[in-house]
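Subject: Structure handover

Hello,

I am passing a structure on to you. Please have it open while you read the notes below.

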Amino acid sequence: MRAKFLTFALLIAVSFAFSQGRINFVEYDLPNGLHVILHEDHSAPIVAVDIWYYVGSKNEDPNRTGFAHLFEHMMFQGSANVKKAEHMAYIQKAGGTFNGSTNWDRTNYFQVVPSNQLELVLWLESDRMMSLNVNQENLDNQREVVKEERRWRVDNRPYGTQWENTFKRLFKVHPYRWPVIGYMEHLNAATLDEVKRFFETYYVPNNAVLVIAGDIDIEKTKKLVEKYFGDIPRGKYEIKRPNIVEPPMTSQVRDTIYDNVRLPAVFIAFRIPKDGERDYYALDLLSNILGSGKSSRLYQKLVYEKRIAQNVNVFTIGMEDAGVFKIDAYCAIGHTPEEVEKEIWNEIEKVKNELVEEKELQKAKNQTEMQTISSYQSVLQKADQLAHYYVIHKNTDEINHELAKILSITREEIRDAVVKYLKPENSVVLYYLPKEQRASK
């Protein structure tokens, strides 16, 4: 979760207000299938418009990966009534901000603007949903942009391939096995017809969730939504949802990657339950205890006490069909991944054999509560979470109940989840070593 800092007095006030009420919203469907979620918040004269398309990398053809992320770029290349790059210019001139993001399960586009500019944003979003310029020029330009992004983020960055190398070993049959950004050869091979078909299949009202949160009037906003989105036709192609069940891992997967790095590192990942399951919440709290911040168990053990690592992080990744528990540790000069890995497994065994301390668990819960409450001070964060719970949890009202579920997790549940999931035969272990070490062998 994203950390934000509030003064103690403000946190108390916000926590009290949150505990006394709920995040209210109105949701409904247009005849064309567009799901609409409206949240009224007059605390500031701004409005967030966040549209989620229920398409991520898992919806792609295994031989044409990277299309969902490609459209994160293509969607700003103009439409019938908006010239290339004008979408961005309109928002900036209105005093707003914008962006988009893609992951395994969804793609989203969002804007935050003064509330009197809401109609402008709805016009922009509806125009590109209905008439995006998917042409050869835009495809060629944005394909090169994405390829350069891949070089920068993955291929030429130290440890940059560790996500890709981890996921393709954790998942053998599920579409989570390929990277969100896609493979270079698939981007090169993509044809205009293939890209158009992808857009016409997934970027349609019956595959979208429109969330509007902020300084709005619900009834007036409903009329604006109908005005700009009501006449957009449903998609004409079948929307395919992968229903692949990944078989359980039965043996540990280990590998060594020689990379352009100065220090060795060890990356350990486990396949765990999907976002929303109690065991996922239990392991998410444990990730905080083990590796969130300098007071965490692994940081104290590896960095301060034994001084065999320069840094260590532990976190969970919650997806629609599965979750991942990941430990990243970067070795100190003169120390090896073997040393670091041994200590990591020792700490995991301790959790299996001894319940985490009550004060550790309470600290993790306090941090989770603070991060959740503070994030809801932003209308954009609320909009994003409303979409998340609708798309991933299939229940928008879960926004008002998930925190209570997390806070009810017990020490025994954490231990049981560790025993069940954090075991060698359910893990991928990658060593990253400097390239010159391979040359010396």
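Predicted model: local features only at pLDDT ≥ 70, side-chain atom pairs only at ≥ 80, totals over all residues.

Helix α12 covers residues 337-353. At 1.5 Å a residue, its 17 residues should span 24 Å, and the end C-alpha atoms are 24 Å apart, so the two values agree. Several residues of α12 are buried, among them P337, W345 and K352.

Next is E125, which lies in helix α4 (residues 118-131). Its relative accessible area is 0%, and because buried means under 20%, E125 counts as buried. What is E125 in contact with, leaving aside its neighbours within four places in sequence? The contacts are I51, H87, Y109, Q111 and F229. The side chain of E125 also makes a polar contact with the side chain of R128, at 2.9 Å. V49 is 76 residues from E125 along the chain, yet their C-alpha atoms are separated by 9.1 Å.

The count of salt bridges comes to 31. Three of them are described here.

- D140 and R143 meet at 2.9 Å, N to O. They are 3 residues apart in helix α5, so about one helical turn separates them. D140 is partly exposed at 33% relative accessible area, whereas R143 is buried at 9%.
- E246 and R271 meet at 3.8 Å, N to O. This pair links distant parts of the chain: E246 is in the loop between α9 and β7, and R271 is in strand β8, 25 residues apart. Both residues are buried.
- D416 and R415 have their closest N and O atoms 3.2 Å apart. D416 is partly exposed at 43%, and R415 is partly exposed at 28%.

Salt bridges that share partners also join K58, D105, E320 and K394 into one network.

Regards

Note on methods
Residues numbered from 1 in each chain as written. Heavy atoms only, no water. Helix = DSSP H or I, 4+ residues; strand = E, 2+ residues; numbered from the N terminus. Expected span 1.5 Å × (residues − 1). Buried < 20%, exposed > 50% of the residue type's maximum accessible area, 1.4 Å probe, protein only. Contact = heavy atoms within 4.5 Å. Polar contact = N/O pair within 3.5 Å; in protein donor to acceptor, adjacent residues only side chain to side chain. Salt bridge = Lys/Arg side-chain N within 4 Å of Asp/Glu carboxyl O.
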